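Work through these exercises with the model open. Try each task before reading its solution.

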Amino acid sequence: MMYRPGTSTVWADALFASMLQRSDGPSAGQVRKAAAAAMHAYGSRGCAERVALEFGDHPETAVVRMRWARGMVGEVFAAPPGLAHDGHRRRLGLPVAGLRRWRLVRI
């Protein structure tokens with residue numbers, strides 16, 4: 001069985017692996033650009049590897065950085081509540097392209 005992280009986890013890893021620092025007081029646009037640049041440079045697996053390396057080498061500071069990264073991703077990438085284009089209530093989260101619609105079928 002293979003673990004597949006959610007999109008917020010992938011973006012948090014990318015932001016963690018980026019050069020952006022909490023002390024910079026980044027804007028939402030800067031967070032998006034930094035996460036996208038890290039994702040482009042390292043890929044999702046490379047970002048996760050950098051997170052693991054940092055947690056192995058400096059666990060105390062890595063916890064603080066990941067807490068910041070997860071909080072920023074939650075603020076920046078969360079979709080605003082409201083109605084989606086199809087009239088249904090939209091759930092908070094990251095928009096992900098290419099996901100198929102699933103429905104429950106009784107057997």
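**Exercise 1. A loop residue**

Where does Ser18 lie? Decide also whether Ser18 is buried or exposed.

*Solution.* Start with location. This is a predicted model. Ser18 sits in the loop between α1 and α2. Next, take the relative accessible area, which is 9% for Ser18. Buried means under 20%. Ser18 is therefore buried. Now list its contacts, leaving out residues up to four places away in sequence. Ser18 touches Ala34, Ala38 and Arg65.

**Exercise 2. A tryptophan in a helix**

Classify Trp11 by its accessibility.

*Solution.* Trp11 belongs to helix α1. Its relative accessibility is 24%. The buried class ends under 20%, and exposed begins over 50%. Trp11 falls in between, so Trp11 counts as partly exposed. Other residues of α1 are buried: Val10, Ala12, Asp13, Ala14, Leu15, Phe16 and Ala17. These buried residues pack against α2 and α3. Finally, check a pair that is separated in sequence. Trp11 and Ser44 are 33 residues apart in the chain, and their C-alpha atoms are 8.4 Å apart in space.

**Exercise 3. The core**

Find which residues touch the most other members of the largest nonpolar core.

*Solution.* The largest nonpolar core has 22 residues. Leu15 and Val31 touch the most other members. Then ask which helices contribute. α1 (7–17), α2 (28–57) and α3 (59–76) each supply at least two residues of this core. Val31 touches Leu15, Leu20, Pro26, Met72, Val76 and Phe77.

**Exercise 4. Two helices meet**

Describe how α2 and α3 cross, and what lines their contact.

*Solution.* Take geometry first. The axes of α2 and α3 come within 13 Å and cross at roughly 145°. The crossing of α2 past α3 is left-handed. Then list the residues. From α2 come Ala28, Val31, Arg32, Val51, Glu54, Phe55, Gly56 and Asp57. They meet Pro59, Ala62, Val63, Met66, Met72 and Val76 of α3. Sort them by class: the contact has 10 nonpolar, 1 polar and 3 charged residues.

**Exercise 5. Confidence**

Over which residues does pLDDT stay under 50?

*Solution.* Begin with the whole protein. Mean pLDDT is 79, and 67% of residues reach 70 or more. Then look at residues 90–100, where pLDDT stays under 50. The model has 18 contacts for this stretch beyond four places in sequence.

Methods:
Residues numbered from 1 in each chain as written. Predicted model: local features only at pLDDT ≥ 70, side-chain atom pairs only at ≥ 80, totals over all residues. Heavy atoms only, no water. Core = buried A, V, L, I, M, F, W, Y, C linked by side-chain atoms within 4.5 Å. Buried < 20%, exposed > 50% of the residue type's maximum accessible area, 1.4 Å probe, protein only. Helix = DSSP H or I, 4+ residues; strand = E, 2+ residues; numbered from the N terminus. Contact = heavy atoms within 4.5 Å. pLDDT = per-residue confidence, 0-100. Axes fitted to C-alpha atoms, helices over the stretch in contact; angles between N-to-C directions. Left-handed = near helix turned anticlockwise from the far one by under 90°. Nonpolar A, V, L, I, M, F, W, Y, C, P; charged D, E, K, R; others polar.
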